[in-house]
Amino acid sequence: MRKNFTLIVGFLLVSFLASAQRHNLTSTVIDSLGTPLTGATALVLNPTDSIMKGFAISDSQGQFKISRLANGPYILQITYIGFENYTKDINIKEEDPKDISMSTIILKASRNMMDVVEMTSERIPMAIKKDTVEYNAAAFKTQPNAAVEELLKRLPGVEVSKDGTVTAQGEEVQNVLVDGKEFFGNDPKMATKNLPADIVEKVQVFDRKSDMAEFTGIDDGNEQKTINLKIKDGKNKGYFGSIEGGVGTEERYGAKTNINRFSKTTQMSLLGMYNNINDRGFSFGDYVQFMGGMRNVRASGGGFRNSDVPLNFQDGDGLTETGAGGINFNKDFGDKIEWQSSYFLTAINAFITDSLSAQSLAGANSIFFTESNSETTTESLGHNFNGRLEYEIDSTQNLRWTNRLNFSTSEGISEQDILNSNPILFNSTEGERLYISDQSQLNWNSNLIYRKRLKKRGRYLVARGQYTYGLTDNELDLLSNNQFFALGSLDSILNIHQLQDTDNDNNSYQLRFSYTEPLSSKYYLEWHAEQRTQDTDNILDFYDIYPSNVLLFNPELSSFYNRDYVEQEVGLNLRYSSDYLNMSAGLDYQKSDLRGDIVNREILISNQWNYLLPSFNLNYDIDESRSLRFNYRTRINEPSLIQLQPVQDNTDPTNIQIGNPNLIPEYTHSFNVRYNWFDQFNFVSLFNNTRVTIRQNNIIDSTAVDQFFNSVSMPINADESYNISNSTYYSRPLNSIGAKLRLSSRLSYNRAQVFISDRIQAIANDQDRYSGTLGFQLENKNKEYYDLSIGLNHTFTSTRFSVSERNNQDFQQQDWFGTLIFYLPNDWVIDSDYSWTRFLREQVDEDQNVQIWRASVSKSFMSKKELTIKLSIYDILNQNKGIDLTANADYIQERVTNALGRFVMLTATYRINAFQEDQKGPPPPFLRGGGRR
């Protein structure tokens with residue numbers, strides 16, 4: 001019923017929106033001599049309350065166009081500095097044509113106009129164009145030599161975390177393009193951390209469609225939040241880059257270079273770095289991949305499953321020495337062939353110390369405590385290759401072939417001490433563990449798509465094939481010594497020395513066909529069929545190691561299984577498209593077959609599932625400055641073979657996992673509503689994104705813990721779960737004090753069933769979790785001489801359990817921050833930033849307060865400021881450390897890792913700028929600010 005209701009409401013809404021005729025108003029503005037007036041402001045106002053209903057700025061020919069005006073009376077107002085305002089009453093009727101052309105408008109010179117008019121204009125910072133938010137980079141001042149990352153931090157609705165992750169309008173950015181092309185593959189940080197901000201003209205934020213959807217216009221729900229950096233004219237022709245080197249106290253050093261050559265048809269970039277100041281130069285996801293061999297190196301204890309407590313390495317955590325280098329090459333070979341490629345090599349040596357304090361629920365009213373300390377050393381090497389070939393066969397058809405290949409090796413060693421205790425039962429467990437890991441990993445993804453426009457307008461044929469191969473070889477040497485105490489006396493000892501050898505081989509194939517048929521000029525019907533096949537072989541061999549290094553195969557813990565998983569899907573989509581409204585509604589039928597064979601145990605697992613998957617999308621451009629988007633999706637999450645197999649996984653002997661052959665897939669409903677608004681005259685912006693997720697047959701773990709804190713976990717299907725989240729960003733100028741104000745909020749509510757461990761059984765609880773972050777930032781508007789910003793982010797989490805009330809949790813965290821930059825005469829710059837993080841929580845006696853203060857002074861030399869010398873002091877207060885707080889269903893924990901301390905560094909940066917001459921002529925109207933005084 002819910003599915004049908006959604007589709008009915010969607011079509012009714014579309015019918016209502018489409019029923020009203022919209023009109024476009026055009027005209028030309030000139031002076032009394034017939035000269036076109038560029039940058040004149042045209043407003044359409046409501047005659048009753050003077051609320052703006054539309055606007056435009058005249059182009060170099062004096063022409064303007066105000067789009068999507070509804071029927072009714074309006075006041076047309078034209079303004080231009082030095083001329084009298086022009087006002088005219090207009091009335092748009094239903095029978096008027098869609099495009100209404102008015103006669104030429106002549107403005108009269110102002111009688112009070114002085115001989116010399118002094119005016120200051122503020123660049124229009126942003127614009128909303130359909131589903132794209134476009135920022136004018138010139139409106140956001142950055143320091144000389146600043147990277148794109150610093151520019152993004154200043155954009156309303158965009159956030160950059162400490163590790164460099166970019167979030168736009170509440171969603172993580174997955175891709176950063178440069179003039180529409182990939183830059184070192186699909187790693188956003190390669191562009192944001194290495195390209196200079198001063199070459200960027202515009203920053204465009206949008207949802208990148210899939211290869212099929214961008215060609216046919218049929219929204220298939222496969223989107224990625226994407227940023228495109230549009231390079232300034234003249235800055236995309238020639239050489240640019242920088243060479244940087246520095247030395248510091250505490251034996252710190254760093255060197256970095258990036259050389260770029262851009263032309264009309266070619267982009268080539270060379271990157272290189274070597275340092276021991278934790279500058280890794282690539283994404284956190286890459287680091288996790290390099291560290292894959294250490295997946296069992298965890299501070300697990302008590303009731304924690306390994307997957308619940310992963311190592312949390314942030315850019316400030318641990319001590320790393322990094323060497324990296326790569327090349328990005330994009331080339332247009334004529335009008336038909338486009339090639340994009342990159343190769344990147346990274347080598348990392350890392351040393352991390354980790355201290356963990358945790359509280360875990362061992363029953364409805366019993367809490368036990370975990371303390372652990374570990375030291376981890378790793379060496380990893382990664383190769384990443386990306387290639388993309390586009391071939392336009394003719395004006396109606398093209399091919400796109402994409403390949404991504406990465407190969408990585410890693411070696412690591414970790415030593416760990418663990419203490420679990422229960423002050424009520426007087427039980428405890430002491431453990432020492434040593435992990436030695438050696439892993440290699442290969443992944444290859446190849447995707448080929450063919451797209452064809454047929455003779456009839458709106459008729460498309462699209463075919464796609466994809467192949468993915470993955471190979472993992474991991475060898476782990478585990479030494480675990482455990483002592484169990486009852487009532488303060490030694491009860492038992494468990495010592496384990498094992499060699500765990502894992503080989504995983506995965507092949508997957510995907511084939512999809514799509515055909516679109518136009519039903520009218522605005523309605524289209526799309527049919528698609530798809531098959532996905534995955535074949536996995538996994539071998540896990542356990543060997544017990546006895547004195548004198550004798551290896552004995554352990555058949556009870558070893559396993560060998562293969563899995564064949566096949567998904568078949570057919571569906572229909574109905575699409576409506578007009579100038580300001582786009583809608584699609586669809587229904588898919590999906591059939592899934594799972595065949596698994598645990599060879600060494602002669603266990604066969606066979607399951608088949610059939611589902612209907614409805615979908616609905618609505619994109620509505622309300623006017624030039626406002627847009628609304630609604631999205632509804634359903635999807636299936638099938639249980640894995642490991643979750644289904646009724647075999648104990650004894651990888652960690654104190655945390656045993658066993659499968660459940662009775663699991664059924666999760667069925668998920670996702671609703672998303674996004675509203676964007678920006679007033680180009682008041683410079684007020686608002687971004688709001690609300691998401692609702694309903695998950696049926698939710699797969700969770702039920703964990704039981706014994707008196708010695710050993711756990712047994714099994715996946716089960718729980719009751720329906722709900723999640724509601726909202727992200728809001730609001731920005732406006734405060735002209736009375738010459739400042740800009742930014743307000744943000746990220747709020748969420750989650751309702752789910754969880755199982756709290758209680759000896760050999762688990763107690764069902766209804767869990768309600770409320771969390772959010774409220775923030776504000778205030779900064780000065782005129783940044784000619786100084787740049788000042790201050791702000792606060794206040795984060796809270798509150799968790800409530802229906803039965804195990806003692807496990808209720810409340811956390812609060814405050815992050816104060818401030819930046820002050822002085823731009824002094826003779827190219828001197830003084831820069832200082834400060835942050836103060838406070839963790840407030842009931843479960844810990846003392847608050848964690850971390851204050852980080854950094855300062856630098858720099859001077860630029862040479863005629864074009866090519867050379868910059870900078871002296872920097874990092875962590876002046878010497879308080880830096882990595883802190884991570886986690887609250888889960890049955891535990892809370894605090895993890896502290898080592899980090900770089902105070903040091904002083906002297907760096908020299910030489911900028912290479914060999915651009916062709918910029919195009920001459922007046923700036924475009926967009927940069928003029930609409931003639932505002």
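Tyr770 is partly exposed, at 41% relative accessibility. On that scale, buried means under 20% relative accessible area, exposed means over 50%, and partly exposed lies in between, with a 1.4 Å probe and protein chains only. Tyr749 is also partly exposed, with a relative accessible area of 23%.

Before I go on, the background. This is a predicted model, where local features need pLDDT of at least 70 and side-chain atom pairs count only at pLDDT 80 or more, while totals for chains, interfaces and linings use all residues. Residues are numbered from 1 along each chain as its sequence is written, and side-chain values use heavy atoms, with hydrogens and water left out.

Now aromatic pairs. Rings of Phe, Tyr and Trp (its six-membered ring) pair if their centres lie within 6.5 Å; planes under 30 degrees apart count as stacked, over 60 as edge-to-face, and the rest as tilted. The whole structure holds 16 aromatic pairs. One of them joins Tyr467 and Tyr509, a tilted pair with 5.2 Å from centre to centre and 40° between the planes. Tyr467 is in strand β26 and Tyr509 in strand β27, 42 residues apart, and the pair links distant parts of the chain. Strands here, like helices, are DSSP runs numbered from the N terminus: at least two residues of E for a strand, at least four of H or I for a helix. Tyr467 counts as partly exposed at 22% relative accessibility, and Tyr509 is partly exposed with a relative accessible area of 45%.

Back to the tyrosines I opened with. The ring centres of Tyr749 and Tyr770 are 5.0 Å apart and the planes stand at 35°, so this pair is tilted. Tyr749 lies in strand β41 (residues 739-758) and Tyr770 in strand β42 (residues 761-780), so the pair ties together parts 21 residues apart in sequence. Separately, Phe183, Phe184 and Phe344 form one aromatic cluster.

Rings can also have a charge over them, which requires NZ of Lys or CZ of Arg within 6 Å of the ring centre and within 35 degrees of the ring normal. Lys141 lies over the face of Tyr823, 4.6 Å from the ring centre. Lys859 lies over the face of Phe861, at 5.2 Å from the ring centre.

Next, salt bridges. Side chains of opposite charge can pair when their charged atoms come close. The rule is a side-chain nitrogen of Lys or Arg within 4 Å of a carboxyl oxygen of Asp or Glu. How many salt bridges does this rule give? The count comes to 33.

One of these salt bridges is between the side chains of Arg895 and Asp354, at 2.9 Å from N to O. Arg895 sits in strand β49 (residues 891-897) and Asp354 in strand β22 (residues 337-363), and the pair links distant parts of the chain, 541 residues apart. Both Arg895 and Asp354 are buried.

Arg388 and Glu390 also form a salt bridge, with the closest N and O atoms 3.2 Å apart. Are these two residues buried or exposed? Arg388 and Glu390 are both buried.

Then there is Lys456 with Glu517, whose side chains meet in a salt bridge at 3.5 Å, N to O. Lys456 lies in the loop between β25 (427-453) and β26 (460-486), and Glu517 in strand β27 (residues 489-518), so the pair ties together parts 61 residues apart in sequence. Lys456 is partly exposed, with a relative accessible area of 40%, whereas Glu517 counts as buried at 19%.

There is also a network of salt bridges, which links Arg154, Arg742, Glu779, Lys783 and Asp787.

Last, strand pairing. Two strands pair if DSSP finds at least two bridges between them. Strand β30 (residues 559-577) and strand β31 (residues 581-598) pair in the antiparallel sense over 17 bridges. They form a hairpin with three residues between them, and Asp564 has Arg595 in β31 as its bridge partner. β31 is also joined to strand β32 (residues 603-623) by 18 bridges, again antiparallel. That hairpin has four residues between its strands, and Glu602 in the turn has a positive phi of about 55°.

To finish, an open sheet of three strands, in the order β11-β12-β13, with antiparallel pairing. β11 (158-160) and β13 (171-172) are at the edges with a single partner strand each, so one side of each is left without a neighbour in the sheet. β12 (residues 166-168) pairs with β13 over two bridges, and Thr167 stands opposite Glu172 in β13.
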